[in-house]
Amino acid sequence: MSNTVNAQTLSEVLKRDEDGSSIQAIIDYSDRIKEGGESRGNPKPFDMMEILLESEIIIESEGQYQAEIDMRKWKTGFREEYSGADARQALKDALTISVVDWCGNPVPANDFADLYLDLHEDSQATEAEHLENIEEYVQCRPGD
């Protein structure tokens, strides 16, 4: 469930990123993480943006970015360049630098996603119900 709410949140951040500032903040943050690893002598520093793009969690087309919310389409795992753990970490890092500002007071996107998980951790909802609830939550629509 955490991957789903994280992906949905990132998707909404990118949909609402009319001026490109959100994706630029993600790119800049990714560069800082990578440069920090390089300065410590890491031969293969964590490159968040590369992982997001290569795993197709973020898809870029003609300068426009969108998030893939269907995890089954992510290119991760044994036969892929990046593991699911790498992809999940990159996604969480992208949310760390992103802001949800369409639901009232701005809040870090990772806190926004975590709040959903905290509110629904004991839920007995089906997968379909969770998907609907997550979509409503991320778009700040009250449930029917």
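Throughout these legends, a residue is called buried when its relative accessible area is under 20%, exposed when this area is over 50%, and partly exposed in between, as judged with a 1.4 Å probe on protein chains only. The views show a predicted model, in which local features need pLDDT of at least 70 and side-chain atom pairs count only at pLDDT 80 or more, whereas totals for chains, interfaces and linings use all residues. Residues are numbered from 1 along each chain as its sequence is written, and side-chain values use heavy atoms, with hydrogens and water left out.

**View A. The aromatic cluster of Trp102, Phe112, Tyr116 and Tyr137, which ring pairs link together.** Rings of Phe, Tyr and Trp (its six-membered ring) pair if their centres lie within 6.5 Å, and planes under 30 degrees apart count as stacked, over 60 as edge-to-face and the rest as tilted. Three aromatic pairs are counted by this rule. Trp102 and Phe112 make an edge-to-face pair, with 6.4 Å centre to centre and 65° between the planes. Because Trp102 lies in the loop between S3 and S4 and Phe112 in helix H5 (residues 109-120), this pair ties together parts that are 10 residues apart in sequence; helices (H or I, at least four residues) and strands (E, at least two) are DSSP runs, numbered from the N terminus. Trp102 is buried at a relative accessible area of 16%, and Phe112 is buried at 7%. The rings of Phe112 and Tyr137 are stacked, since their centres are 4.5 Å apart and their planes stand at 25°. This second pair links distant parts of the chain, with Phe112 in helix H5 and Tyr137 in helix H6, 25 residues apart. Tyr137 is likewise buried, with a relative accessible area of 16%.

**View B. The disulfide of Cys103 and Cys140.** One disulfide, defined as a pair of cysteine sulfur atoms within 2.5 Å, is found in a search of the whole structure. The sulfur atoms of Cys103 and Cys140 are 1.3 Å apart in the model, and the link is right-handed, with 60° about the S-S bond. The pair joins distant parts of the chain, 37 residues apart, with Cys103 in the loop between strand S3 (99-100) and strand S4 (107-108) and Cys140 in the segment after helix H6 (127-138). Cys103 is partly exposed, at 32% relative accessibility, and Cys140 is partly exposed as well, at 35%.

**View C. The hairpin of strands S1 and S2.** Strand S1 (residues 58-61) and strand S2 (residues 64-67) pair in the antiparallel sense over four bridges, where pairing requires that DSSP finds at least two bridges between the strands. Glu60 has Tyr65 in S2 as its bridge partner. Two residues lie between the strands of this hairpin, in which Glu62 takes a positive phi near 50°.

**View D. Ser22 in helix H2 (residues 21-39).** Ser22 is buried, at a relative accessible area of 18%. Apart from neighbours within four places in sequence, Ser22 is in contact (heavy atoms within 4.5 Å) with Val13 and Asp17.
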